[in-house]
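Please read the following note beside the sequence and the model.

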Amino acid sequence: MVLTSTLPGGLPPYGPLTTFTQPTLDVVPLLTILALGGLYLYGVLRLRKNGVAWPVGRTISFVGLGLGTLALALLSGLAAYDTALFGAHMLQHMLLTMVAPVFLALGAPVTLALRTLPLTWRKRLLSVLHSRLSRLLTFPLLAWVSFVATPFVLYLSGLYEQSLVHPLLHDALHVHFVLVGCLFFWPLLGLDPVPGRVGYGLRMLISVAALPFHAFLGVAIMSVDSTGAGIIARDYYLQFLTVPEAIYQQKVGGGLLWASGDVVGLLFLFVMLYQWMRASEREAVREDRRLDRLDAAAARR
């Protein structure tokens with residue numbers, strides 16, 4: 001559907017290229033992304049200066065894909081349209097919650113920090129990681145509930161519409177998306193020594209248990225009738241969109257929630273299955289070496 005309505009701020013109709021032709025210069029996200037990228041690269045350079053190798057894939061994952069996804073969500077045309085079109089908002093939501101946290105976790109920044117920070121700061125970081133608050137926030141059941149419940153609470157209450165009209169709440173929602181995604185995915189990937197890590201079997205179970213809920217909510221969001229009675233944030237959107245346009249945007253957003261939850265979730269399961277297989281292979285190698293040492297010791301007697 002081609003939008004014929006006049007969007008807020010004089011934005012042109014959204015299209016495939018407007019993500020890149022309508023950039024958003026938001027100082028706080030820009031400086032945050034640049035600072036995180038600079039600190040990470042500084043840590044990598046310090047390791048190399050000390051003759052310690054750091055996997056290139058981790059750097060690409062954190063700086064290029066993780067921070068790059070944050071930039072796409074918060075500094076591109078998606079950010080320009082996120083309060084105008086429900087579909088653009090939902091794509092931004094999925095990038096912040098399900099894509100960026102995975103790539104950031106694969107970059108293992110906590111491990112990098114523990115290897116490069118001065119002793120005093122390293123102890124402080126470890127004290128934070130071992131604190132009761134960290135253990136509570138990363139407790140698997142709590143992290144799962146936060147991850148699953150966030151979209152239900154947001155879209156089935158008046159909170160989403162409030163975030164469209166209050167800029168501070170809107171920005172806080174973006175931070176919440178990223179934090180919820182990190183608290184859910186970071187312990188499951190298990191690359192960094194963060195609390196909340198569990199065995200691979202339970203990790204797989206937690207991931208599988210989260211898959212259906214995005215699909216359920218996505219279908220529910222798409223099930224708006226032709227009268228527009230079930231339009232989310234109806235009073236806000238109908239100020240500048242027609243009823244058919246608002247319905248179309250909601251169907252697009254619901255479809256994105258459904259599809260991205262399944263696709264990202266299944267890809268994440270494959271990643272964990274691969275990690276599980278690699279861990280089993282390493283454990284088998286260690287066990288073989290242990291048995292070889294026992295055989296050698298027995299032969300010397």
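1. A residue is called buried under 20% relative accessible area, exposed over 50%, and partly exposed in between, using a 1.4 Å probe and protein chains only. With a relative accessible area of 40%, Gly 230 is partly exposed. Gly 230 belongs to the loop between α12 and α13 (234-237); helices (H or I, at least four residues) and strands (E, at least two) are DSSP runs, numbered from the N terminus. Leaving aside neighbours within four places in sequence, Gly 230 is in contact with Val 224 and Gln 250, where contact means heavy atoms within 4.5 Å. Between Gly 230 and Ser 207 there are 23 residues of separation in sequence and 30 Å in space, C-alpha to C-alpha.

2. On the basis of the note: this is a predicted model, in which local features need pLDDT of at least 70 and side-chain atom pairs count only at pLDDT 80 or more, while totals for chains, interfaces and linings use all residues. Residues are numbered from 1 along each chain as its sequence is written, and side-chain values use heavy atoms, with hydrogens and water left out.

3. Helix α6 (residues 109-116) is mostly covered, since 6 of its 8 residues are buried. These buried residues are Pro 109, Val 110, Thr 111, Leu 112, Leu 114 and Thr 116. Against which helices do the buried residues of α6 pack? They pack against α2 (27-49), α3 (56-75), α5 (86-106), α7 (119-129) and α11 (167-189).

4. A nonpolar core is a set of buried Ala, Val, Leu, Ile, Met, Phe, Trp, Tyr and Cys residues joined through side-chain atoms within 4.5 Å. The largest such core has 73 residues, of which Tyr 155, Tyr 160 and Tyr 237 touch the most other members. Helix α5 gives the largest share of this core, 11 residues. Not counting residues up to four places away in sequence, Tyr 155 touches Phe 86, His 89, Met 90, His 93, Tyr 160, Leu 217, Ile 221 and Ile 232.

5. Thr 97 also lies in helix α5. Is Thr 97 buried or exposed? Thr 97 counts as buried, because its relative accessibility is 5%. Apart from neighbours within four places in sequence, the contacts of Thr 97 are Phe 147, Phe 177, Gly 181 and Phe 185.

6. Rings of Phe, Tyr and Trp (its six-membered ring) pair if their centres lie within 6.5 Å; planes under 30 degrees apart count as stacked, over 60 as edge-to-face and the rest as tilted. The structure holds 13 aromatic pairs. One of them joins Phe 213 and Phe 216, edge-to-face, at 6.3 Å centre to centre and 75° between the planes. Because these two residues are 3 residues apart in helix α12 (residues 200-222), about one helical turn separates them. An α-helix has 3.6 residues a turn, so residues three or four places apart point the same way. Phe 213 is partly exposed at 28% relative accessible area, whereas Phe 216 is exposed at 56%.

7. The rings of Tyr 236 and Tyr 237 have centres 5.4 Å apart and planes at 75°, so this pair is edge-to-face. Tyr 236 counts as buried at 11% relative accessibility, and Tyr 237 is buried at 3% relative accessible area. One aromatic cluster is formed by Phe 86, Tyr 155, Tyr 160, Tyr 236, Tyr 237 and Phe 240.

8. A charge sits over a ring if NZ of Lys or CZ of Arg is within 6 Å of the ring centre and within 35 degrees of the ring normal. Arg 58 lies over the face of Trp 54, 5.1 Å from the ring centre. Arg 124 lies over the face of Trp 121, 4.7 Å from the ring centre.

9. On a 1 Å grid over the protein atoms alone, a cavity is a set of points where a 1.4 Å probe fits but cannot get out, and a pocket is an open set with protein on both sides within 12 Å along at least five of seven lines; lining residues have an atom within 4 Å of a point. Grid points are joined across faces, edges and corners, and a volume is the space filled by probe spheres set on the points. There are 4 cavities of 30 Å³ or more, and the largest cavity has a volume of about 90 Å³. Its lining includes Met 98, Phe 147, Ser 207 and Gly 261. Helix α12 supplies the largest share of that lining, 4 residues.

10. The largest pocket holds about 1,600 Å³ of space. Of its 48 lining residues, the closest to its centre are Thr 32, Leu 36, Val 178, Leu 179 and Cys 182. The largest share of this lining, 11 residues, comes from α11.
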